[in-house]
Amino acid sequence: MKQILSLFWRVVLDSLFPAYCLGCKVGGGFLCRECLKLLPTLEAAVCPWCYKLSDFGVSCRDCRAGEFFLDGLVAASKFEDGALLQRAIHGFKYDFLEELAGPLGEFLFEAFLPLVQQFPEKNFVLCPLPLHSKRHRWRGFNQAELLCLIV
């Protein structure tokens, strides 16, 4: 029953407020194929903090000397204020635009595929962080889990 009501509500909202691409404003979805292709990806593994080239996402020496570092964290793109990727992630996370899971998951897949091919001996794991049950009920979905299911 809940799924039927959810589907009905989505149809009503889509009728009243049709989805427009966050990049080019064309109707039909929140991120069209052309704008998805324009999202910038990193060409090589970099330090997750300063984006200097590194071996397999290992923190560089300068960033490792600071308080925080994460080794093996691989970034798909630079996160720039006001950029299309930032707006899409914001819409997915804060505006509950669950429909962005598909395009963003596809973006992650395309961004990480060259890295997986470059390091076939490495094991890659996509692990969604769990949400608190209260937050999950409020939002209705776990965005990290949806992205992992797509990839």
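1. Is Ser77 buried or exposed? Ser77 counts as buried, because its relative accessibility is 11%. Buried here means under 20% relative accessible area, exposed means over 50%, and partly exposed lies in between, with a 1.4 Å probe and protein chains only.

2. Some ground rules come next. This is a predicted model, in which local features need pLDDT of at least 70 and side-chain atom pairs count only at pLDDT 80 or more, while totals for chains, interfaces and linings use all residues. Residues are numbered from 1 along each chain as its sequence is written, and side-chain values use heavy atoms, with hydrogens and water left out.

3. The overall fold. The protein chain has seven helices and zero strands. From the N terminus on, its elements run α-α-α-α-α-α-α. Helices (H or I, at least four residues) and strands (E, at least two) are DSSP runs, numbered from the N terminus. The C-alpha atoms fill a box of roughly 55 × 35 × 30 Å, taken along the principal axes. Of the 151 residues in the protein chain, 30% are buried.

4. Contacts along the chain. Contact means heavy atoms within 4.5 Å. Take the contacts between residues at least 6 apart in sequence: 45% of them join residues at least 24 apart.

5. Back to Ser77. Its place is in the loop between α3 (61-65) and α4. Leaving aside neighbours within four places in sequence, Ser77 is in contact with Pro40, Thr41, Leu42, Tyr51, Leu85 and Phe107. A polar atom of the Ser77 side chain lies 2.6 Å from the backbone oxygen of Pro40. For reference, a polar contact is a pair of N or O atoms within 3.5 Å; within protein, one must be able to donate a hydrogen and the other to accept it, and residues adjacent in sequence count only if both atoms are side-chain atoms. Ser77 and Ala111 are 34 residues apart in sequence, and their C-alpha atoms are 8.0 Å apart in space.

6. Tyr51 lies in the loop between α2 and α3. Its phi is near 70°, a positive value in a residue other than glycine. Tyr51 counts as partly exposed, because its relative accessibility is 28%.

7. Lys25 also has a positive phi, of about 70°, although it is not a glycine. Its place is in the loop between α1 (2-16) and α2 (33-38). Lys25 is exposed, with a relative accessible area of 55%.

8. Helix α4 next. Its buried residues are Leu84, Leu85, Gln86, Ala88, Gly91 and Phe92. The buried residues of α4 pack against α2, α5 and α7. Gln86 counts as buried at 19% relative accessibility. Not counting residues up to four places away in sequence, Gln86 touches Phe79, Glu80 and Asp81.

9. Just after α4, Phe96 takes a positive phi of about 60°. Phe96 counts as partly exposed, at 33% relative accessibility.

10. Aromatic pairs. Rings of Phe, Tyr and Trp (its six-membered ring) pair if their centres lie within 6.5 Å; planes under 30 degrees apart count as stacked, over 60 as edge-to-face and the rest as tilted. By this rule the count comes to two aromatic pairs. One of them joins Phe96 and Trp138: it is edge-to-face, with 5.1 Å centre to centre and 90° between the planes. Phe96 lies in the loop between α4 and α5 and Trp138 in helix α6 (residues 133-139), so the pair ties together parts that are 42 residues apart in sequence. Trp138 counts as exposed, at 55% relative accessibility.

11. The largest pocket. About 1,400 Å³ of space lies in it. A pocket is found on a 1 Å grid over the protein atoms alone, with a 1.4 Å probe, as an open set of points with protein on both sides within 12 Å along at least five of seven lines; lining residues have an atom within 4 Å of a point. Grid points are joined across faces, edges and corners, and a volume is the space filled by probe spheres set on the points.

12. Which residues lie nearest the centre of the largest pocket? They are Leu73, Val74, Leu108, Phe112 and Leu147, out of 40 lining residues. α4 (84-94), α5 (101-118) and α7 (143-150) each supply at least two residues of the lining. α5 gives the most, with seven residues. By class, the lining has 32 nonpolar, five polar and three charged residues. Ala, Val, Leu, Ile, Met, Phe, Trp, Tyr, Cys and Pro count as nonpolar, Asp, Glu, Lys and Arg as charged, and the others, Gly among them, as polar.
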